Amino acid sequence: MTNKKSPQFAWDASHSGPAVDQLQRSIVDGSIPHALLLVGASEQHTIGIAHEFANSMLCSAEQRPCNNCAACRSYAHVSSPDVMIIRKQEGYQMMSIEDIRSAIHFLQLVAPVGSYRLVIIENAESMNILAAAALLKTLEDAPRGACVILTTSSLQRIPGTIRSRCAIVRLPDQEAQPLQDIGRSLVNNCIALLREENLQSLSRFAGLYDSMSQSATAVKQSEIAADTLPLVDTFERVVRDSLLLPATPRVAGTDQYTAAIATVRNRFSAEALFRILRSLSVLRRTLRFNVHPRLAWEYFLLQLSNT
């Protein structure tokens, strides 16, 4: 009797790295979690990996996805009986509870045609409160063969109750934003900006902004504004971790980072850090409108310098 060969993977070249290896190994050894939360800075990149992973789960060939078997063909035509994709409806800002209820009903059908029945929830941070609450019971007690794959570019916006019930896979940013190519990490830049006294942060940010603008492939202000959104996300991470630091010293994961955010925590009171979070929320909304991004950031930093 011949042993069945382990599957090989023919994924897109940009879908690589330790996190992707982890996903592929889970297919090989049959250890796929019933709920996965894929986190990546690029929405398109993260969603692409989610679909390639799902397709490979259903494919029966040795080289996955093969794009030739019945499972792959039905997946390519968005007609697979074992897959449901949930995303925001056009014209709506949030996913509704009805969207999630339809996914729950789909997972509870008698049995999948193949080995799995999958629900992919794209941009899961878009679920409203009721939708997230409706999903919880399914994540706690998923039917046999069911797998829920959620994607997000902002882990902080996913409710803690959802995060705690998922295996979280952090994907590297394969499509580096221009702002991330200036030679220093976003985290270090944010900490540096938070450490600056008075208006020094404005001159520091001017250098960051000029570098980002010069390396951007497009000159539209709206696209440049979008390129600064990862900086908003990282600012929020630093501020939130600074708030958690006294109660959870290891929240950041590394001693070097913990020491760095400790300097931020020493400069600002908890009340001031909460004000910064509110200002970041306003900044995020402002950047989505037709406002010059540099003016929006400078207004935020002026508020920061007076905190």
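Leaving aside its neighbours within four places in sequence, with which residues is Pro65 in contact? I began my notebook with this question, and I note first how the model is to be read.

**Entry 1: ground rules.** I am working with a predicted model, in which local features need pLDDT of at least 70 and side-chain atom pairs count only at pLDDT 80 or more, while totals for chains, interfaces and linings use all residues. Residues are numbered from 1 along each chain as its sequence is written, and side-chain values use heavy atoms, with hydrogens and water left out.

**Entry 2: Pro65.** I looked up the contacts, where contact means heavy atoms within 4.5 Å, and found that Pro65, leaving aside its neighbours within four places in sequence, touches Ala10, Trp11, Glu52, Asn55, Ser56, Cys59 and Cys72. Pro65 sits in the loop between β3 (63-64) and α3 (70-76); such helices (H or I, at least four residues) and strands (E, at least two) are DSSP runs, numbered from the N terminus. I noted that Pro65 is buried, with a relative accessible area of 9%, given that buried means under 20% relative accessible area, exposed over 50%, and partly exposed in between, with a 1.4 Å probe and protein chains only. The peptide bond that joins Arg64 and Pro65 is cis, with omega about -10°. Trp11 is 54 residues from Pro65 along the chain, and the C-alpha atoms of the two are separated by 7.4 Å.

**Entry 3: Pro7.** I then turned to Pro7, which lies in the segment before β1 (8-9) and is buried, with a relative accessible area of 13%. Pro7 and Pro65 are 58 residues apart in sequence, and from C-alpha to C-alpha they are 9.6 Å apart in space. Leaving aside neighbours within four places in sequence, I found Pro7 in contact with Val28, Ala61, Glu62 and Arg64.

**Entry 4: the whole chain.** I recorded that the chain has 13 helices and 7 strands, and that 47% of its 307 residues count as buried. Among the contacts in the chain with a separation of 6 or more, 71% are between residues 24 or more positions apart.

Entry 5: Helix α2 (residues 43-58) has 16 residues and reaches 23 Å from its first C-alpha to its last, close to the 22 Å expected at 1.5 Å a residue; the expected span is 1.5 Å times one less than the number of residues. I also saw that α2 is mostly covered, as 13 of its 16 residues are buried. For helix α10 (residues 229-244), the 16 residues should span 22 Å at 1.5 Å a residue, and the end C-alpha atoms are 23 Å apart, which agrees. In α10, 13 of the 16 residues are buried, so this helix is largely enclosed by the rest of the structure.

**Entry 6: α4 against α5.** How do helix α4 (residues 97-107) and helix α5 (residues 129-140) pack, and at what angle? I found an angle of about 15°, with the axes 8 Å apart. That makes α4 roughly parallel to α5. Axes are lines fitted to C-alpha atoms, for helices over the stretch in contact, and angles run from 0 to 180 degrees between N-to-C directions; those under 35 degrees count as roughly parallel, over 145 as roughly antiparallel, 65 to 115 as roughly perpendicular and the rest as oblique. I listed Ile97, Ile100, Ile104 and Leu107 in α4 as meeting Leu130, Ala131, Ala134, Leu135 and Thr138 in α5.

**Entry 7: α10 against α12.** I looked up α10 with helix α12 (residues 270-287), and they pack at an angle of about 165°, with their axes 10 Å apart. The two helices α10 and α12 are therefore roughly antiparallel to each other. Further along, I checked Ser279, which lies in helix α12 and is buried, with a relative accessible area of 18%. Leaving aside neighbours within four places in sequence, Ser279 is in contact with Phe300 and Gln303.

**Entry 8: two positive phi angles.** Val78 is not a glycine, yet has a positive phi of about 50°; Val78 is placed in the loop between α3 and β4 (83-86) and is exposed, with a relative accessible area of 66%. Asn123, not a glycine either, has a positive phi of about 50°, but Asn123 is buried, with a relative accessible area of 14%, in the loop between β5 (117-121) and α5.
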